[in-house]
Amino acid sequence: MNDKILDCSDLESYMGKPIAPARMKEPLHNNDIRRWVQAMHYANLLHYDHDFAKEGRYGRLVAPQSFAVAADDGHGAGPACVGRIPDSHLIFGGDEWWFYGPKIFGGDMITNEKVPYDFSVKDTKFAGPTCFQRGDNNYYNQDGDLIAKQRSTAIRYRADLALEMGSIAGDENDPVWSDEDLADLQEKKFEFIKMMHDLGHGKRYWDDINVGDELPVRIIGPHSVASFATEWRAYLFTIWGGTHRPGLDMEALGFTKEMAGHENDPVMERENPELTDGAYFGPSRGHLFPRYARMIGMPRGYGYGASMGAWILDYMAGWAGEWGQVVHCNSAYRGPAFTGDATFLTASVVDKMVDEEGRNIVQLDCKMKNQLGVTMATAKAEVELPKK
């Protein structure tokens, strides 16, 4: 293989052509929603406390806006990872979301229509020639209502070049937090949770918001192999028999031998399901096993891009309250959450408007950083709020 070639010649034929949709096998249960918000560290009573939710706007538990991706069969990455790129690996580069109003409840059946969108190859400091591939996920309920569209960006690169260039080099050991630091972190974490408790079933009015207002800081972590494993298990497709499997061939997509495996393989799931869990054998094992993280250019275990997107959506939706909603959010991921690190989300109001549909909108500018101030993600979003 040429030292600096990333062969993307197979991708063009897939663009714009729908691929197998993601389909759940049974209706959602309230505990699927509870499991999700617990894994995403989103302590919003509306999504897990039966008595609180019963008194609210919907009269029952409702899923957070971030939940749609949990009903997919691959974190939303499927339509952004079609076509063969030899000896490659994949990490998430970003997600753009549009929400259309319908909510997700226990008892719903969610289908994801998946369509590859486009791709481009750019030279990066991370891995030299790198493919930025995008694909659309259109989430529908059993009544055919369009809930949301997610346009995911996958970053596909040669693992050997990422290792050679070492641009995500870092300490292979987790940072050490003192008991005092951890106690302080927990206290600061609760400030965002308390903000949601204080708002309760009340309304955050558009009229009261001003450009320059800042949201309370949201803190997640310190992350660990245990917390990342908890996140992984909240995605329905990671459960044996949880979804209709698309039958992906990871080696055919060009994944390196160590990271290919049998994830989403319906035949192997019946024969030996242990081998179909991507976190144990396959493309997701680098998240939980430092040995495999280092094989693809990461210094130690690292978090999921789809979870980062959920943290951002939950942050904004939790601030907006149950009478508000995120209508659009465009997030770019610059680097993952590593084990031992903590994540800090901040956001400010940068604009305020009434849009073409007559909705009262505030625009938020969000940043996600770790405890060292390293930027992990940025996002811009439009949030609809009620008017007095």
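Guide: Asp341 has a relative accessibility of 8%, and therefore counts as buried. The model is a predicted one. Leaving aside residues up to four places away in sequence, Asp341 touches Pro175, Gly221, Pro222, His223, Arg300, Asn370 and Gln371.

E8 and E9 belong to an open sheet of eleven strands, paired in the antiparallel sense, with the order E6-E9-E10-E11-E8-E2-E5-E4-E3-E1-E7. Its edges are strand E6 (218–220) and strand E7 (243–244), each of which pairs on one side only. In that order, E8 stands between E11 and E2. The pairing of E8 with strand E2 (residues 88–99) is antiparallel and extends over five bridges. Within these two strands, Glu96 is placed opposite Asn330 of E8.

The cysteines may be considered next. The number of disulfides is zero. For Cys81, the closest cysteine sulfur is that of Cys131; the distance is 9.4 Å, which is too far for a bond, as a disulfide requires sulfur atoms within 2.5 Å. Cys81 has 11% relative accessibility and so counts as buried. Cys329 likewise is in no disulfide, the nearest cysteine sulfur being that of Cys366, 7.4 Å away. With a relative accessibility of 0%, Cys329 also counts as buried.

A further buried group is found in helix H5 (residues 225–234), where Ser227, Phe228, Glu231, Trp232 and Ala234 are buried. These residues lie on the same side of H5, because the arc they cover around the axis is only 160°. Among the elements that cover them are helix H1 (30–39), helix H7 (285–288) and helix H9 (305–320).

Finally, an annotation may be set beside the fold. An unreviewed UniProt entry assigns "domain: FAS1-like dehydratase" to residues 15–149. In the model, this span is 11% helix and 36% strand, and its end C-alpha atoms lie 17 Å apart.

Notes. Residues numbered from 1 in each chain as written. Predicted model: local features only at pLDDT ≥ 70, side-chain atom pairs only at ≥ 80, totals over all residues. Heavy atoms only, no water. Buried < 20%, exposed > 50% of the residue type's maximum accessible area, 1.4 Å probe, protein only. Helix = DSSP H or I, 4+ residues; strand = E, 2+ residues; numbered from the N terminus. Arc of directions from axis to C-beta. Contact = heavy atoms within 4.5 Å. UniProt positions renumbered as here; feature names shortened; annotations may be inferred. Pairing = 2+ DSSP bridges.
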